[in-house]
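Please look over the sequence and the structure first.

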Amino acid sequence: MAKKKQVGRRVEGWKAKSWYKVYTPEVFGKVYIGDVVSADTANMIGRVMQVSYGEIAQDYSKQHIKMQFRINNVAGDSAYTEFVGHEVTRDYLRSHVKRRTSRIDATVTLKVQGGRDIQVTLTCFTLNRAKVSQIHAIRGKMVEVVRRLAGEMDYDSFAKAAVNGDISREIFKESKTIFPIRRIDVIKTEAVRTAAEKAAAIAA
């Protein structure tokens with residue numbers, strides 16, 4: 001005989017859960033980015049939310065920038081987050097690839113003020129096809145500038161500058177004398193987890 005559906009228990013389970021509003025960190029304006037439901041606030045810590053920078057900044061020309069925030073604190077019916085990375089869409093990158101030009105990439109792990117590590121990927125699009133020596137020079141300059149900027153900023157300030165274009169503009173300004181450059185973007189950032197954070201994630 002088929003078992004009866006335990007509808008009553010399912011309803012009770014949902015009744016035991018609560019909804020929480022999720023907000024970005026202070027550096028990104030403490031903007032509301034969605035809701036999560038949970039019966040235990042402890043289970044919410046570590047959850048990652050994704051949202052476009054266009055929604056946060058109310059600038060829909062920035063929809064191609066996808067940001068990730070991890071819940072690290074719950075107070076009342078509100079959940080607060082920390083920035084853990086961003087990435088631009090593939091469509092955005094493809095739209096900037098032109099014939100007879102060069103694309104120059106660089107990925108580097110940086111230490112910001114306060115000691116946190118963050119991995120950054122930079123991309124440069126030139127106006128014309130660059131020689132190998134010019135590509136090496138541009139890549140070296142990009143890494144040099146972003147490393148210097150990381151040493152001048154704390155984690156939150158660096159994250160904001162990477163997403164809003166401040167870092168890209170500074171690198172462009174210092175690199176354009178090497179070879180004609182169309183644009184430079186920070187196309188990806190990712191917070192590097194500490195050993196303690198990795199252990200906590202495995203334990204969870």
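Which residue is the bridge partner of E87 in strand 8? The partner is K188. The model is a predicted one, in which local features need pLDDT of at least 70 and side-chain atom pairs count only at pLDDT 80 or more, while totals for chains, interfaces and linings use all residues. Residues are numbered from 1 along each chain as its sequence is written, and side-chain values use heavy atoms, with hydrogens and water left out.

**Overall make-up**

The protein has seven helices and eight strands. Both kinds of element are DSSP runs numbered from the N terminus, helices being H or I with at least four residues and strands being E with at least two. Of its 204 residues, 39% count as buried. Buried means under 20% relative accessible area, exposed means over 50%, and partly exposed is in between, with a 1.4 Å probe and protein chains only. The protein exposes about 12,000 Å², and carbon and sulfur atoms supply 50% of that area; accessible areas come from the Shrake-Rupley method with a 1.4 Å probe, and for residues only the protein chains shown count as cover. Among contacts (heavy atoms within 4.5 Å) with a separation of 6 or more, 56% join residues 24 or more positions apart.

Strand 5 covers residues 78–88, and nine of its eleven residues are buried, so the strand is largely enclosed by the rest of the structure. Two strands pair if DSSP finds at least two bridges between them. The table lists the pairings of strand 5.

| Partner | Sense | Bridges |
|---|---|---|
| Strand 1 (residues 18–23) | parallel | three bridges |
| Strand 4 (residues 65–75) | antiparallel | ten bridges |
| Strand 8 (residues 181–191) | antiparallel | three bridges |

Strand 4 and strand 5 form a hairpin with two residues between them, and G76 in the turn has a positive phi of about 65 degrees.

A nonpolar core is a set of buried Ala, Val, Leu, Ile, Met, Phe, Trp, Tyr and Cys residues joined through side-chain atoms within 4.5 Å. The largest one has 53 residues, of which M67, F83, M142, F158 and I167 touch the most other members. Helix 4 gives the most to this core, with seven residues. Leaving aside residues up to four places away in sequence, M142 touches I104, A106, L122, C124, I171, S175 and I184.

Helix 6 (residues 166–175) has I167, S168, I171 and S175 as its buried residues. Seen down the helix axis, they fall within an arc of 100 degrees, so they line one face of the helix; the arc is that of the directions from the axis to the C-beta atoms. Their cover includes strand 7 (117–126), helix 4 (132–152), helix 5 (155–164) and strand 8.

**Two loop residues with positive phi**

Most residues other than glycine have a negative phi. K30, which is not a glycine, has a positive phi of about 50 degrees. K30 is found in the loop between strand 1 and strand 2 (32–38), and it counts as partly exposed because its relative accessibility is 40%. Q58 has a positive phi near 55 degrees and lies in the loop between helix 2 (53–57) and strand 4. At 59% relative accessibility, Q58 counts as exposed.
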